[in-house]
Amino acid sequence: MRVALIAALALTAAIPASAQLAAGASAPDFNTVGALGGKEFKLHLKAQLKKGPVVLYFYPMSFTPGCSAEAQAFAAATPEFKAAGATVIGMAADPIDKLKDFSTKDCASKFAVAQATPAIIDGYDVALKRNGTKTAMASRTSFVIAPDGKILYAHSDMSPAPHIRNTLAAVKEWRAKRQK
C-alpha cells in the first residue's frame, strides 16, 4: 500500500511530455503483448485498425488512483465506443502479469491493455518526464487513430477526466463525417 501511495504522489509531480504526434500524422505501427479479461494475447495495431478507429490511450502505471479511475471510466464508456465502431486499447509500461490483473479488475474485461515498450513510448513521444528527464513510464496521452493509420486526435493531460469524453467526441465526429 505504501509503495502505491509513493508512486501516486510521484506521478502528481511528473510532467507529461507533449503529444508530438498531432492530427494528420501517421501513427507508428507496433506489435506487443496485451491482456483482455486476464488472458494474454499478441496485439498488432494494424490488425486492430482493420476493425475501425482505435482509441489508443497511454497511462503511467496500473493500479494507481488516476490510472484506475481512467480505466474504470473507459470501461463504463466501452458500449458507446463500440456503438461508434471504435476499439479502446490502454497502454502502460507494466509487466504483462500486472496488465492481466488490471484488465479484469479496473478494465472490467471490457477492453484490452497492452505493454508500452520503450520503442512504442518513443515512437508516440509520450515518455513521462520527471525533473526534465524521461522516465520509463508513459504520460497520460490519448490518441484516436483512423483505420488508415492517421491520427485524428491527440490529447496529453495528467488529469484522466477529459480523455474519455474527448476521445469519444473525436470518434463520433469522424463517424459522422463518414456517414455523410
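**Exercise 1.** In this predicted model, find which residues of helix α3 are buried, and then find what they pack against.

*Solution.* Begin with the burial of each residue, where buried means under 20% relative accessible area. In α3 this picks out Cys-67, Ser-68, Glu-70, Ala-71, Phe-74, Ala-75, Ala-77, Thr-78 and Phe-81. Next, recall that an α-helix has 3.6 residues a turn, so residues three or four places apart point the same way. Finally, look for the partners of these buried residues, which are the strands β3 (54–58), β4 (87–92) and β8 (141–145), together with the helices α4 (96–105) and α6 (161–178).

**Exercise 2.** Describe the course of α3 from its first C-alpha to its last, and state where a kink lies.

*Solution.* Helix α3 covers residues 65–83, which makes 19 residues. Its reach is 28 Å, close to the 27 Å expected at 1.5 Å a residue. A kink of about 50° lies at Ala-77, shortly before the proline Pro-79. Just after the helix, Gly-85 takes a positive phi of about 85°.

**Exercise 3.** Determine which element gives the most to the largest nonpolar core.

*Solution.* Start with the core itself, which has 27 residues, and in which Val-55, Tyr-59, Phe-74, Phe-81 and Phe-111 have the most contacts. At least two residues each come from β1 (31–36), β3, α3, β4, α4 and α6. Of the elements, α3 gives the most, with six residues.

How values were computed: Residues are numbered from 1 along each chain as its sequence is written. This is a predicted model: local features need pLDDT of at least 70, side-chain atom pairs count only at pLDDT 80 or more; totals for chains, interfaces and linings use all residues. Side-chain values use heavy atoms; hydrogens and water are left out. Helices (H or I, at least four residues) and strands (E, at least two) are DSSP runs, numbered from the N terminus. The expected span of a helix is 1.5 Å times one less than its number of residues. The bend at a residue is the angle between axes fitted to the seven residues ending there and the seven starting there. Buried means under 20% relative accessible area, exposed over 50%, partly exposed in between (1.4 Å probe, protein chains only). Contact means heavy atoms within 4.5 Å. A nonpolar core is a set of buried Ala, Val, Leu, Ile, Met, Phe, Trp, Tyr and Cys residues joined through side-chain atoms within 4.5 Å.
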